[in-house]
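This report covers one protein chain. It starts with a pocket, then turns to a helix and the chain overall.

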Amino acid sequence: MEILIKASQFILSLSLLIVLHEMGHFIPAKLFKTKVEKFYLFFDYKFSIFKKKIGETVYGIGWIPLGGYVKIAGMIDESMDKEQMALPPKPWEFRSKPAWQRLIIMLGGVFVNFVLGIFIYIMLMWSYGEEYLPNENLTDGIWVQDSLAMDLGLKTGDKILTVDGERIRKFSQITLEFINGEKFSYERNGEVFEKKLPVDFISKLIDRKKNDDGPIVSVRYPFMIGNIPKESHNIDSQLKVKDLIVEVNGAKAVYYDEIEDRFLENKGNNITISVKRDNEIINIPVKISDEGKLGVNPANLKLSEIGKLGYYDLANYQYTFSEAIPAGWNKSWKTLTDYVKQLKKIFNPSTGAYKGLGGFYSIGKIFPSTWSWEAFWNITAFLSIMLGFMNLLPIPALDGGHVVFTLWEMITGKKPGDKFLEYAQVVGFILLITLLLFANGNDLYRAFF
C-alpha cells in the first residue's frame, strides 16, 4: 500500500509538471500563429494509450513515462522530422518566425516551471505557514550518534553555529547545509571552533552505514516510555506507557542520551527512577539489565510533541497572503541556489556526489508513505524549480540548447544550419539518455548492493 501511495503521488506530480511545462511552449506558439502538431504527456513511440485530434493538434498520452513534448511544425526537436525540414519553410512554421518569437516559445516551459514553483511555495506559506525548530533554541546542543558526525569531531552537547559563515536558521537544514558547504563552526563548552568539511563529504554521507541513514545530527529528546514488551524484566514494575523519566537515582536527567549513560553506569543494579505522569512525579524502583537497558521501548516523539513537553521552543509563523509572497519567493530562491550548489558538486568527481545521482526510484522515494497534500505540493514545487533549471542548461535537445543557438543567431545575425542543428540534437539526446541510464543505474546499484 505504501508503494502504491508513493507511486500515485509521483505520477500525479510528474504528469502535472510535464503538462504545464509543455503548455508553456504551446501557448506562445499558438499566440504567434505557429502550428502545433502534437501535445503529448509521456512519449508515444510506435503507439499511444490515448489520442484525439482537436483542430490542427493531436492531444495524447504516450506509454513511455520519461517526459512529454509538443511537436511544433518546422522545429528541429526530439521528433527529428527530417522530411518536413527538407521542404521549403511555410509561414506557420517555427523556423519562419522571427528569432525573438522563437526565443519566447522555447523559454515558455522553463518560465512556467519557475513561476509554478514560486506560486506553490507562496500558497503553501499562506495555507500552512511554517513550523520549525530554530537552531539557536538548542541551548543544550545536539545529539551525536551518526558515524559521519563523529568522524567530523562532533560530540553530544556541541552547538553548530554556521556553515560557510552563514548562521543556520533551521535545525532541520543542518545536513543540507553541510552538503552544500565547505566549512562549519561549532561551540563546545563556551569555546568556538571552525573546521573544514572533507571534499568527499557527500561521498561519505552516501556510503555510511545503513543505520546512519537519517540526518547527521539529532535533537536531544526526552526519554518517554512508548511500550513495555511482555518479555521485559521490568514488566511487573509500576512503569506505564507515556511515563517521562526525569531523574535517575535522585540525579536530574533531562535527555535520553543522559539517561542512557546513567543506565550503562548501573548495569545489573536495582535503582530508582523518577517519572513525570500527569504532572505528578513518581519514584519507581526498577532493575537495569547487565547490558545497561531498562527493558522498555522509548516513544517515537514528533518534534511538535517534544515542543509541547517544554523541551524546545518551536517557531510557528502564520502568514497573511501579502506576507506569504516574499516568504514563498525566498524559499524558491533558497531551493534554486541549494540545487545549483549540489549540481556543481555532482560535476566535481573528487566530491563523490555523482554517486548520489538518482533516477525515478530516488525521486519517488522522497514522497511520503501516507498521502499528505502539504508534502505533495512541497515536493512538486521543488521538482518544478529543479526541472526549470535543468531544462535551462545549454545542452542540445533541452530548451537551453535551443536558446543558445537562437541567441547566437540574434547576436551574430547568422542562423545555424539545419544539418548542424540535427547533429547537435542527436548529440544532446545521446547525452541525456546516458545521464538517464547512469542515474537509474545508480538506483539499481544501491537497491542491490
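By class, seven nonpolar, four polar and four charged residues line the second largest pocket of this predicted model. That makes a lining of 15 residues, with Gly181, Glu182, Lys345, Asn348 and Thr351 nearest the pocket's centre. The volume of this pocket is about 280 Å³.

Three helices each supply at least two residues of the lining: α5, α6 and α9. Their positions are as follows.

| Helix | Residues |
|---|---|
| α5 | 174-180 |
| α6 | 201-207 |
| α9 | 321-346 |

How does the span of α9 compare with expectation? At 1.5 Å a residue, its 26 residues should span 38 Å, and its end C-alpha atoms are 37 Å apart, so the two agree. Among the buried residues of α9 are Ala324, Ala327, Gly328, Leu336, Asp338 and Tyr339. Lys345 is buried too, and it is one of the residues nearest the pocket centre. The buried residues of α9 pack against α5 and α6, and also against α3 (99-128) and α11 (373-392).

Now the whole chain. It holds 13 helices and 18 strands. Of its 449 residues, 45% count as buried. The C-alpha trace spans about 95 × 50 × 45 Å along its principal axes. Among contacts between residues at least 6 apart in sequence, 64% join residues at least 24 apart.

How confident is the predictor? The chain averages a pLDDT of 89, and 96% of the residues score at least 70. Helix α2 (residues 82-86) has the lowest mean pLDDT of the elements, 59. Strand β7 (residues 159-163) has the highest, 96.

Technical notes. Residues numbered from 1 in each chain as written. Predicted model: local features only at pLDDT ≥ 70, side-chain atom pairs only at ≥ 80, totals over all residues. Heavy atoms only, no water. 1 Å grid on protein atoms, 1.4 Å probe; cavity = no way out; pocket = protein on both sides within 12 Å on 5 of 7 lines; lining within 4 Å. Points joined across faces, edges and corners; volume = space filled by probe spheres on them. Helix = DSSP H or I, 4+ residues; strand = E, 2+ residues; numbered from the N terminus. Nonpolar A, V, L, I, M, F, W, Y, C, P; charged D, E, K, R; others polar. pLDDT = per-residue confidence, 0-100. Expected span 1.5 Å × (residues − 1). Buried < 20%, exposed > 50% of the residue type's maximum accessible area, 1.4 Å probe, protein only. Contact = heavy atoms within 4.5 Å.
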